[in-house]
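Biologist: I would like to learn how to read salt bridges in a model. Can you take me through some?

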Amino acid sequence: MLTIGCHLSSAKGYEAMAKEAGKLRANTFQFFTRNPRGGKAKEIKESDVKAYAKKAEELEIKKILAHAPYTLNACSAQESVREFAFLTMKDDLERMEYTPGNCYNFHPGSHVNQGAEAGITMISEMLNQILVPEQSTTVLLETMAGKGSEVGRNFEEIREILDRVTLTEKMGVCLDTCHVYDAGYDLVQDLDGVLTTFDNIIGLNRLKAVHLNDSMFGLGSHKDRHAKIGEGKIGLEAIVRIINHPALKHLPFYLETPNDLDGYAREISLLKEHYKE
Ligand code: FE
Ligand code: FE
Ligand code: ZN
């Protein structure tokens with residue numbers, strides 16, 4: 001069965017997200033742990049978590065994916081920004097234990113003139129200060145489009161971070177199809193080749209989730225502008241190959257396309273139609 005969902009608002013809590021996912025005929029979803037522009041997180045209610053667990057079972061919602069705020073930058077040149085990244089991720093991972101066994105995705109960061117190497121060092125040091133053996137959450141590095149000074153613009157940079165994290169078994173990767181295409185990996189003409197490269201550099205065993213997006217701009221554009229499924233440069237045919245690829249088809253797919261809820265429902269049903277069991 002295809003595991004597919006989309007990004008949902010977490011403003012009304014976990015049970016509300018499960019219900020919304022159910023309406024969209026999704027069996028997973030992604031959500032922000034707090035305001036994507038930063039700030040304090042809403043308190044998690046025990047009663048909401050319990051109601052969520054029941055709903056999730058009823059609707060057969062499997063793994064869900066939390067997304068860190070965009071403002072989280074572990075490799076900023078400013079100490080206060082790095083401190084915010086540290087405190088936010090630490091707090092988020094403690095909160096994730098209310099819903100154990102899921103994944104937490106974050107953008108590695110932007111090094112802003114300090115160089116990728118310095119960025120990689122700061123990111124991996126932060127992870128080494130935060131990750132604990134008891135946690136049940138897997139932390140995912142998102143593959144980035146390489147806009148500005150983003151770290152994670154290629155598979156090598158992701159690999160470098162993973163190599164330097166001590167509790168490496170707590171780490172994984174989330175592949176964003178728009179980002180990877182924008183970064184210059186040709187998912188359209190050579191999906192097998194891209195996945196072989198991923199396997200050789202990072203290892204496909206590290207891949208835990210896919211952000212399924214079309215891209216408004218072309219291969220290697222480094223723009224990071226998501227498009228609706230089939231309306232971008234990747235196109236429906238290539239996206240159908242992605243969800244059906246033997247190396248990917250078991251993974252959870254999350255839509256982050258520019259859609260309202262009806263638009264998401266349409267994309268979810270379109271992708272289910274094209275999925276080969
Ligand atoms: Fe993201
Ligand atoms: Fe993404
Ligand atoms: Zn993006």
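Modeller: Gladly. This is a predicted model. A search of the whole structure finds nine salt bridges.

Biologist: What counts as a salt bridge?

Modeller: A side-chain nitrogen of Lys or Arg must lie within 4 Å of a carboxyl oxygen of Asp or Glu. Take Lys55 and Glu58: their side chains meet in a salt bridge, at 2.9 Å from N to O.

Biologist: How many residues apart are Lys55 and Glu58 in helix H2?

Modeller: They are three residues apart in helix H2, which spans residues 46–58. That separates them by about one helical turn.

Biologist: Is Lys55 buried or exposed? And is Glu58 buried or exposed?

Modeller: Buried means under 20% relative accessible area, and exposed means over 50%. Lys55 has 17%, so Lys55 is buried. Glu58 is at 52%, so Glu58 counts as exposed.

Biologist: Which residue forms a salt bridge with Glu117?

Modeller: Arg164 does, with the closest N and O atoms 2.7 Å apart. Arg164 lies in helix H5 (residues 155–164) and Glu117 in helix H4 (residues 116–130), so the pair ties together parts that are 47 residues apart in sequence. Arg164 is partly exposed at 29%. Glu117 is also partly exposed, at 47%.

Biologist: What does Glu160 form with Arg164?

Modeller: Glu160 forms a salt bridge with Arg164, and their closest N and O atoms are 2.7 Å apart. Both residues lie in helix H5, four residues apart, about one turn of the helix. Glu160 is partly exposed, with a relative accessible area of 30%.

Biologist: Which residues are linked in a network of salt bridges?

Modeller: Look at Arg34, Asp91 and Asp92, which are linked in such a network.

How values were computed:
Residues numbered from 1 in each chain as written. Chains lettered and ligands numbered in written order. Predicted model: local features only at pLDDT ≥ 70, side-chain atom pairs only at ≥ 80, totals over all residues. Heavy atoms only, no water. Helix = DSSP H or I, 4+ residues; strand = E, 2+ residues; numbered from the N terminus. Buried < 20%, exposed > 50% of the residue type's maximum accessible area, 1.4 Å probe, protein only.
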